[in-house]
Number of protein chains: 2
Amino acid sequence: MSKTKITIAGGGLAGSLMAVYMAKRGYEVHIYERRPDMRRADISAGKSINLALSTRGLRALEKAGLKDAVLANAIPMKGRMMHDEQGNLAYQPYGKEGQHINSVSRGGLNKHLLQLADENPDVHLHFEMKCLDVNLKEGTAKFLDADGKIHEVKSDLIIGGDGAFSAVRMRMMKRGRFNYSQTYLEHGYKELTIAPNAEGDFAMDPNCLHIWPRGEYMLIALPNPDKTFTCTLFFPFEGANSFATLTDEQAVLKFFNTHFADAVPLMPDLVKDFFENPTGSLVTVRCYPWVNQKAVLIGDACHAVVPFYGQGMNCAFEDCVVLDECLEAHLPDWDAALDAYQKLRKTNADAIADLALQNFVEMRDLVGDEDFLRQKEVEHTLCELYPDLFKSQYEMVTFTNIPYREALEHGAENTRIVKDIIAKGYTDRLEDRAFMTELLQKR
Amino acid sequence: MSKTKITIAGGGLAGSLMAVYMAKRGYEVHIYERRPDMRRADISAGKSINLALSTRGLRALEKAGLKDAVLANAIPMKGRMMHDEQGNLAYQPYGKEGQHINSVSRGGLNKHLLQLADENPDVHLHFEMKCLDVNLKEGTAKFLDADGKIHEVKSDLIIGGDGAFSAVRMRMMKRGRFNYSQTYLEHGYKELTIAPNAEGDFAMDPNCLHIWPRGEYMLIALPNPDKTFTCTLFFPFEGANSFATLTDEQAVLKFFNTHFADAVPLMPDLVKDFFENPTGSLVTVRCYPWVNQKAVLIGDACHAVVPFYGQGMNCAFEDCVVLDECLEAHLPDWDAALDAYQKLRKTNADAIADLALQNFVEMRDLVGDEDFLRQKEVEHTLCELYPDLFKSQYEMVTFTNIPYREALEHGAENTRIVKDIIAKGYTDRLEDRAFMTELLQKR
């Protein structure tokens with residue numbers, strides 16, 4: 001009997017991690033990636049430059065033996081630093097003492113994972129291979145190489161890890177009864193850079209995720225190991241303040257000087273970056289089923305989310321862990337394993353998609369709102385004082401492996417409890433252990 | 001100056017009507033249709049065999065001078081005839097005296113429209129032409145003919161009237177920021193036939209739409225000029241009673257004899273039809289924008305709806321009317337005309353999609369419910385007695401040209417009013433003109 005053969009479309013973050021897991025299970029794994037080998041070519045890894053790696057992602061990397069190596073190049077971010085229009089700062093910790101998220105380079109992490117996959121003799125990497133078509137029933141896929149030659153490969157399972165515009169999913173879509181939606185925000189994004197200061201050090205506190213919340217739009221910044229920050233402006237495509245109106249140098253400078261005055265002196269290449277960097281769009285993709293005959297989807301291919309909860313990669317890595325666990329539980333019944341995977345993940349993928357959309361409003365608008373900040377303060381105190389009775393939604397999503405769906409539901413309940421505490425004037429009794437314990441246990 | 005040239009992808013109901021309108025405006029119109037010429041070839045017109053033509057559709061046909069010819073072959077349906085499991089009948093009129101919907105043959109109507117288009121020297125029909133690709137910016141489209149030859153055509157405007165799986169829309173989808181969803185019901189459908197009786201006449205009352213409501217599923221029947229009825233079973237794909245479980249002759253007969261006993265003797269080919277006819281699926285498609293550079297979508301291509309309000313064709317025809325009106329109002333500013341069209345139609349297309357989904361529940365489940373029937377009775381009385389103050393949702397959708405969005409909103413309000421009248425015991429005062437006038441005017 002020949003070895004079970006797995007084709008993975010896409011050598012991005014999810015595809016390359018999944019390859020490592022599948023090779024560990026003893027299969028022959030082939031990754032087909034559209035782009036050149038990013039370990040050799042100087043190419044963009046696509047989409048955002050840096051990512052926030054947190055508990056779910058770390059658990060998945062640990063399973064592949066890669067956690068420590070990745071964390072060695074990561075920068076811990078312990079909370080949000082809010083910048084108002086006058087340049088005043090307000091800090092809000094993400095969780096309890098010792099909890100933080102990690103700013104990592106998308107490209108660096110992807111290269112790490114490709115390298116790890118490549119070191120396994122059962123993993124075969126094929127670059128500059130564009131997926132042309134997939135036959136779901138036969139398990140065959142056609143790839144076009146850089147010389148224009150078509151390669152048809154047959155395998156026992158095709159894993160579509162080929163991102164938000166997945167070719168594998170496109171083939172599923174053309175078959176009957178595939179539910180699908182793609183929904184764009186009216187905001188796009190533009191990446192900009194904060195340079196190191198004159199001393200060659202970080203120009204701002206590197207252990208925070210910086211946010212300039214401005215209601216309808218916002219700027220954020222994440223630190224990089226080279227002492228720069230990658231900034232992202234999330235901004236409407238159309239309207240009074242929008243990409244459509246910032247069409248010349250003067251307009252850009254006037255806008256930034258008015259709304260992000262403290263950031264402008266830190267961005268020497270602001271105008272150049274603004275006009276040379278592409279304007280990205282922000283899409284939420286939902287679909288079902290994720291499994292169709294000999295193909296299964298993972299990561300953005302089945303659930304692209306907007307980036308505002310920092311969970312896109314973490315969620316994709318969790319897909320890999322859960323798929324691996326379902327294989328462990330159900331093999332040799334592949335159908336049962338794949339069906340268990342999609343059923344477990346679909347509801348959680350929908351939940352993180354909703355949470356990410358909600359968090360956009362929170363980040364750009366509410367973090368500047370006094371009532372909201374008061375709520376966050378009470379919530380933070382409850383998390384600190386009653387860790388067994390109260391977990392914030394952010395903590396559940398970011399620092400635990402609690403299913404996203406539960407985090408969403410508990411989070412809504414938390415908001416009700418905290419608003420109730422404030423409304424009833426219980427805020428001066430937060431440290432009254434007996435009283436608060438009873439109140440929190442009642443729910 | 002050469003004539004404005006219009007390419008229409010799809011020679012179905014919407015495409016061929018739109019061609020007539022555009023030729024009347026003085027343009028050179030080319031229809032490219034994937035199928036052979038249905039006036040010559042004996043092919044299915046796709047999807048359902050018959051359709052319910054009502055006010056909106058009739059208005060659109062009248063504008064093309066085709067209303068009387070189509071009505072000559074239509075069968076009026078004045079109300080719903082409900083069949084319970086014991087074969088008892090209950091009749092519910094659709095509207096006021098003189099109001100009815102019309103059972104027409106999809107194929108017959110399509111041939112009529114193609115013929116009308118063909119008679120206009122400015123309309124050119126091209127059959128067996130499969131749309132391969134569209135260049136939205138250039139206004140070019142590539143079609144593959146039956147001999148395998150590719151035709152590239154350039155025009156001033158491409159109208160995508162190519163149905164729920166539109167190739168023009170697919171091209172729009174691959175560009176940025178196109179919102180799209182396709183959502184399937186868990187029910188499919190199967191067409192069956194009720195034969196004429198021994199005397200060669202209709203086996204049931206031909207002036208009704210017959211419904212066998214059974215909660216989770218239903219059978220309906222529409223009359224045809226040849227004295228047959230086309231029946232459609234709307235039935236879950238999976239589950240206890242589903243297409244998945246009716247897999248042999250015995251199971252089919254047992255199921256039909258239990259749940260549709262009065263229909264079985266009228267369907268001599270039941271088993272043959274059940275196994276030979278395809279099982280269709282039911283999709284709702286929503287998208288936006290409908291206009292992209294030199295292309296615009298009409299009909300199912302931008303808003304496929306489920307068939308339960310009998311409005312799919314009527315809505316598509318109304319698109320043609322509104323697009324023509326927008327051209328009339330805004331030309332020579334094509335961009336303004338197309339934008340006005342999509343803005344006017346999108347909210348109404350969403351409304352009829354929602355109404356059609358709601359009506360499925362009403363037809364298969366509620367029409368067997370006593371409370372609901374009581375509400376319908378009160379509603380019907382109000383419509384009859386106070387035509388200027390009260391219009392039922394069904395009446396607004398089916399017998400007026402009131403925008404679907406308004407019909408949806410007024411319909412929800414109607415339900416509140418009727419429930420309130422029943423709850424307060426005002427049902428014996430329905431004929432108290434002064435009292436009811438005040439009550440209805442208050443809203």
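Predicted model: local features only at pLDDT ≥ 70, side-chain atom pairs only at ≥ 80, totals over all residues.
**Close-up views of two interfaces**

View 1. Residues are numbered from 1 along each chain as its sequence is written, chains are lettered from A in the order in which they are written, and side-chain values use heavy atoms, with hydrogens and water left out.

**View 2. Domain 1 of chain A against domain 3 of chain A.** Contact (heavy atoms within 4.5 Å) links 17 residues of domain 1 of chain A to 13 residues of domain 3 of chain A. About 1400 Å² is buried between the two domains, and carbon and sulfur atoms account for 51% of it. Buried area is the accessible area (1.4 Å probe) that two parts lose on being put together, summed over both. On the domain 1 side, A:T55, A:R56 and A:Y309 lose the most area to domain 3 of chain A, together 42% of what that side buries.

View 3. The rule finds 0 salt bridges here. A salt bridge needs a side-chain nitrogen of Lys or Arg within 4 Å of a carboxyl oxygen of Asp or Glu. Polar contacts join 10 residue pairs, both residues at pLDDT 80 or more. Such a contact is a pair of N or O atoms within 3.5 Å; within protein, one must be able to donate a hydrogen and the other to accept it, and residues adjacent in sequence count only if both atoms are side-chain atoms. Helices α2 (55-63), α9 (312-330) and α10 (334-364) of chain A each supply at least two residues of the domain 1 side. α10(A) gives the most, with 8 residues. Helices (H or I, at least four residues) and strands (E, at least two) are DSSP runs, numbered from the N terminus.

**View 4. Chain B against chain A.** Here 14 residues of chain B are in contact with 14 residues of chain A. In chain B, B:R177, B:Q182 and B:Y184 lose the most area to chain A, together 44% of what that side buries. There are 0 salt bridges between the chains.

**View 5. The β13 pair.** Strand β13 (residues 179-194) of chain A and β13(B) pair in the antiparallel sense over 3 bridges. Pairing requires at least two DSSP bridges between the strands. A:Q182 has B:Y180 as its bridge partner in β13(B).
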